[in-house]
2 protein chains.
Amino acid sequence: METKLVSTLSQAISAAGLTDGMTISFHHHLRNGDYVLNLVLAEIARLGIRGLTLNASSLFDIHLPLMQHIRSGVVGKLQTGYVSAGIGRHLSAGILAEPVEFRSHGTRAADIAAGRVPIDVAFIAAPAADCRGNCTGKLGRAACGSLGYAIPDALHAKTVIVITDTILPYPLADWSISEAYVDYVVQVEEIGNPQGILSGTTQITRDPVGLIMAELAAQAIAASGLLKDGFSFQTGAGGASLAAAAFLKEIMLREHIQGSFALGGITGYLVDMLRAGCFRQLMDVQCFDLDAVSSIRDDPRHREISAIHYAAPGSRGAVTDSLDVVILGATEIDTEFNVNVHTDSAGCLMGGSGGHTDAAAGAALTIIIAPLFRARLPIITQHVTCISTPGTSVDLLVTQRGLAVNPAKPELARRLQAAGLPVVDIHRLKAQAESITGVPRPVPRGSRVAANILGRDGAIQDQVMTLPEEG
Amino acid sequence: METKLVSTLSQAISAAGLTDGMTISFHHHLRNGDYVLNLVLAEIARLGIRGLTLNASSLFDIHLPLMQHIRSGVVGKLQTGYVSAGIGRHLSAGILAEPVEFRSHGTRAADIAAGRVPIDVAFIAAPAADCRGNCTGKLGRAACGSLGYAIPDALHAKTVIVITDTILPYPLADWSISEAYVDYVVQVEEIGNPQGILSGTTQITRDPVGLIMAELAAQAIAASGLLKDGFSFQTGAGGASLAAAAFLKEIMLREHIQGSFALGGITGYLVDMLRAGCFRQLMDVQCFDLDAVSSIRDDPRHREISAIHYAAPGSRGAVTDSLDVVILGATEIDTEFNVNVHTDSAGCLMGGSGGHTDAAAGAALTIIIAPLFRARLPIITQHVTCISTPGTSVDLLVTQRGLAVNPAKPELARRLQAAGLPVVDIHRLKAQAESITGVPRPVPRGSRVAANILGRDGAIQDQVMTLPEEG
């Protein structure tokens with residue numbers, strides 16, 4: 001059998017024909033435990049290749065060595081869906097000459113699939129692979145479950161290099177990505193630190209404010225008219241969102257409601273809901289904890305989906321478009337219901353849409369859970385610092401002091417009021433918060449564009465400016 | 001949820017924008033039980049659309065109504081991998097003005113994937129689907145197991161129409177083809193007759209000549225040096241091939257040999273070998289019987305593969321290229337080891353390569369099992385009527401009177417002789433047969449080309465002429 005194994009990363013990079021100015025890509029399933037992006041960039045730098053565009057589905061603080069490669073000119077442009085706070089600080093300080101391009105996970109997948117964002121070489125960190133490139137996230141030391149975000153890269157990049165620390169006998173039959181899309185396989189010592197990839201279990205909030213919001217959110221879902229047999233649901237891994245799922249589970253079991261599917265990043269709580277019969281299926285683009293990883297490996301009702309199938313706008317089948325309810329977070333939300341998840345209130349990059357914008361656009365009911373203030377900063381603003389998800393996609397804001405319904409959804413407001421839920425005008429919630437925290441002063445901005453936020457239609461939806469120069 | 005259901009086939013065809021001269025495609029997993037091709041063509045004819053190119057992975061006698069659509073000009077060109085005898089007679093009589101294009105299953109997949117054979121509208125007969133187009137062959141009344149041959153069509157056709165008789169709740173999570181590739185879903189009363197799709201179980205031959213050949217083939221594999229841990233294997237569903245697998249199983253169990261995978265069209269015999277531990281995995285592009293269908297549905301070691309992953313030449317990963325041994329049939333084989341599986345000895349089309357040429361090209365050891373004669377016609381000829389699989393891909397001919405080794409493989413001949421197996425020159429086998437049957441007279445040919453046989457490189461490898469005009 002002819003294998004695709006090459007002995008070193010350096011050989012794979014050379015064999016792929018990587019040269020100055022090309023675009024390379026990475027996925028983020030190993031999250032803050034990922035060693036692969038740093039390994040690859042160090043090798044590329046050593047080979048003297050420069051001026052690359054780096055397309056990463058997300059970037060975490062473990063990737064801070066990337067800043068050195070930007071300074072030295074190895075990487076000249078950045079395309080991503082999310083950056084952690086440490087990376088964000090450098091980007092907001094203007095480390096790149098050109099603005100970072102932010103896309104939602106679905107938009108990234110659609111643009112790659114359509115060739116609008118061509119990738120020359122995709123580097124696929126795979127927890128297990130065989131010698132011909134069949135690879136999976138379900139097995140191996142650094143098992144992370146779904147490889148959904150890597151699938152568009154594998155399908156559409158000109159050259160695909162699989163990097164793994166665990167070679168299994170051919171054929172690895174339960175592949176996420178098949179050998180039909182892989183050019184080279186490189187074995188390295190470790191692709192990641194399991195501690196950084198997954199929390200042992202994700203945790204429901206114990207914060208009383210969080211619990212109040214979670215219960216309100218679950219009650220709002222129950223009152224919305226959508227919670228019936230066939231119900232579908234997505235939520236993030238934040239503590240309040242998980243608590244909302246727990247309250248929802250109680251309601252569903254009590255009322256014998258059989259949902260159809262839960263979607264998105266999957267946690268052990270959603271696995272529990274599957275096992276309890278709340279859903280028939282889990283559609284998993286990313287596993288958030290170890291329970292989700294063992295479930296996707298062992299339970300055929302728990303299925304991996306590609307980022308295209310998950311959320312690509314303009315595609316023939318994004319599951320987000322069939323979604324009933326999604327619960328999402330916000331660092332800011334304004335009185336037009338626009339949501340910011342890219343920056344903090346000071347305008348410093350510290351996040352990104354991920355699938356936020358996609359799920360909000362698709363779901364019949366998009367709920368934002370956010371407290372009225374954090375660290376004495378009000379969350380509801382006149383205008384968000386950055387429009388990550390447009391208010392036209394947002395239906396309901398849940399705070400500890402009541403629910404604000406988007407005026408475009410009067411029927412929803414009526415249903416919530418009829419259920420006796422505390423529906424409040426968003427301007428009143430804003431005033432309440434400001435009566436406690438005061439009205440924050442406008443944040444000064446720098447003179448350059450640090451980031452272009454692309455909307456789901458591919459156009460620039462907003463821009464994030466650099467922070468003001470110090471001194 | 002926005003469904004993709006349209007009420008009638010006619011609406012789906014119109015919505016797809018099908019017009020004169022376009023290319024439509026079909027898969028053959030429902031084999032001689034398929035109702036869908038006839039249903040679709042009848043509707044297309046009713047709509048007055050003409051001059052279509054029909055690309056079908058295979059055609060069976062149930063598709064004889066197609067002849068009427070050829071006569072009336074609805075279908076003007078044909079591309080396929082295989083035709084049954086009834087269809088073949090019409091094609092050999094010259095019903096089409098242009099030659100039929102035959103491709104191996106792997107070549108068809110590669111040409112579709114590369115855009116060399118563009119498909120405007122793919123009609124995917126799916127035993128079960130949901131309202132958004134996620135579909136599978138594993139469930140439903142007409143369950144056929146793998147949909148491997150339909151996957152290239154779904155991935156690359158401009159428009160994809162799923163036709164099913166069984167709509168299951170969304171999401172159908174165990175999809176063969178996901179909604180991300182499907183435009184429309186049409187429910188019809190019945191997509192096929194299960195009796196014609198699958199035999200209850202495929203049967204080992206009881207014919208003494210077949211059993212002699214089967215045992216010789218198994219002994220040859222054992223002597224070849226390839227039968228060791230990690231061994232991989234493909235065989236067809238013919239009685240002698242299945243008997244060879246049964247003899248092979250005995251040897252593998254006796255000698256505690258753990259193979260890696262069995263490939264191709266999968267039968268209950270290969271499922272038994274999986275369960276007995278002879279193989280770790282089954283890689284299944286097509287299920288031949290009910291045991292295979294229930295196994296691919298329930299056993300995660302039994303995995304569906306696309307025709308691209310199975311056998312596409314020039315791809316990054318055709319499993320056929322990693323194959324140790326394949327056992328194949330022949331209607332004729334010549335002294336250069338060229339094999340004919342397209343025509344009978346009279347030159348009438350009655351078959352096709354299917355995956356024959358692909359598996360032969362990839363396998364380390366390609367074995368042809370064929371008796372010295374059938375119905376008093378010798379099988380070994382000076383020149384085959386049609387080169388389906390070139391002799392350069394064929395290593396060994398097994399007959400009831402001995403084994404003929406391709407002279408290009410002297411090491412194989414030495415190994416078989418050392419094992420005491422009856423190795424005979426192919427010319428001597430030919431003479432033996434002719435001493436019994438006599439030398440057949442040359443077959444008269446008609447004046448037109450009935451079929452172009454394309455090789456795996458895309459060039460015309462051989463041509464089949466029409467039969468001589470009668471009278």
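Trainee: Which residues do ring pairs link into a cluster?
Mentor: In this predicted model, ring pairs link A:Phe231, A:Phe233 and A:Phe279 into a cluster. Rings of Phe, Tyr and Trp (its six-membered ring) pair if their centres lie within 6.5 Å; planes under 30 degrees apart count as stacked, over 60 as edge-to-face and the rest as tilted.
Trainee: What should I know about the conventions?
Mentor: Residues are numbered from 1 along each chain as its sequence is written, and chains are lettered from A and ligands numbered from 1 in the order in which they are written. Local features need pLDDT of at least 70, side-chain atom pairs count only at pLDDT 80 or more, while totals for chains, interfaces and linings use all residues, and side-chain values use heavy atoms, with hydrogens and water left out.
Trainee: How many aromatic pairs does the structure hold over all chains?
Mentor: Over all chains there are 14 aromatic pairs. One of them is A:Phe231 with A:Phe233, which is stacked, at 5.9 Å centre to centre and 25° between the planes.
Trainee: Are A:Phe231 and A:Phe233 buried or exposed?
Mentor: A:Phe231 and A:Phe233 are buried. Buried means under 20% relative accessible area, exposed over 50%, and partly exposed in between, with a 1.4 Å probe and protein chains only.
Trainee: And what kind of pair do A:Phe261 and B:Tyr170 form?
Mentor: A:Phe261 and B:Tyr170 are edge-to-face, with 5.5 Å centre to centre and 70° between the planes. The pair joins two chains, because A:Phe261 lies in strand E12 (residues 261-266) of chain A and B:Tyr170 in the loop between strand E9 (159-164) and strand E10 (184-187) of chain B. Helices (H or I, at least four residues) and strands (E, at least two) are DSSP runs, numbered from the N terminus.
Trainee: Why do those two count as buried?
Mentor: A:Phe261 counts as buried because its relative accessibility is 0%. B:Tyr170 counts as buried because its relative accessibility is 6%.
Trainee: What sits over the ring of B:Trp175?
Mentor: The charged end of A:Arg303 does, 4.0 Å from the ring centre. B:Arg303 lies over the face of A:Trp175, also at 4.0 Å from the ring centre. A charge sits over a ring if NZ of Lys or CZ of Arg is within 6 Å of the ring centre and within 35 degrees of the ring normal.
Trainee: New topic: why is strand E9 of chain A described as largely enclosed?
Mentor: Six of the six residues of E9(A) (residues 159-164) are buried, so the rest of the structure largely encloses this strand. A:Thr159, A:Ile161 and A:Ile163 point one way, and A:Val160, A:Val162 and A:Thr164 the other.
Trainee: Which strands are joined to E9(A)?
Mentor: Strand E6 (residues 121-125) of chain A runs parallel to E9(A) and is joined to it by five bridges; A:Ala122 stands opposite A:Val160. Four bridges join E9(A) to strand E10 (residues 184-187) of chain A, also parallel, and there A:Val186 is the bridge partner of A:Ile163. Two strands pair if DSSP finds at least two bridges between them.
Trainee: What is the strand order in the open sheet of 10 strands in chain B?
Mentor: The order is E1-E10-E9-E6-E2-E3-E4-E5-E24-E25, with mixed pairing. Strand E5 (residues 100-102) and strand E24 (residues 449-454) of chain B run parallel, joined by three bridges, and B:Phe102 stands opposite B:Ile453.
Trainee: Lastly, what covers the buried residues of helix H9 of chain B?
Mentor: The cover includes helix H8 (208-223), strand E11 (232-235), helix H10 (268-275), strand E15 (325-328) and strand E18 (365-369) of chain B. Among the buried residues of H9(B) are B:Leu242, B:Phe247 and B:Ile251. B:His256, with a positive phi near 55°, follows H9(B).

Note on methods:
Contact means heavy atoms within 4.5 Å.
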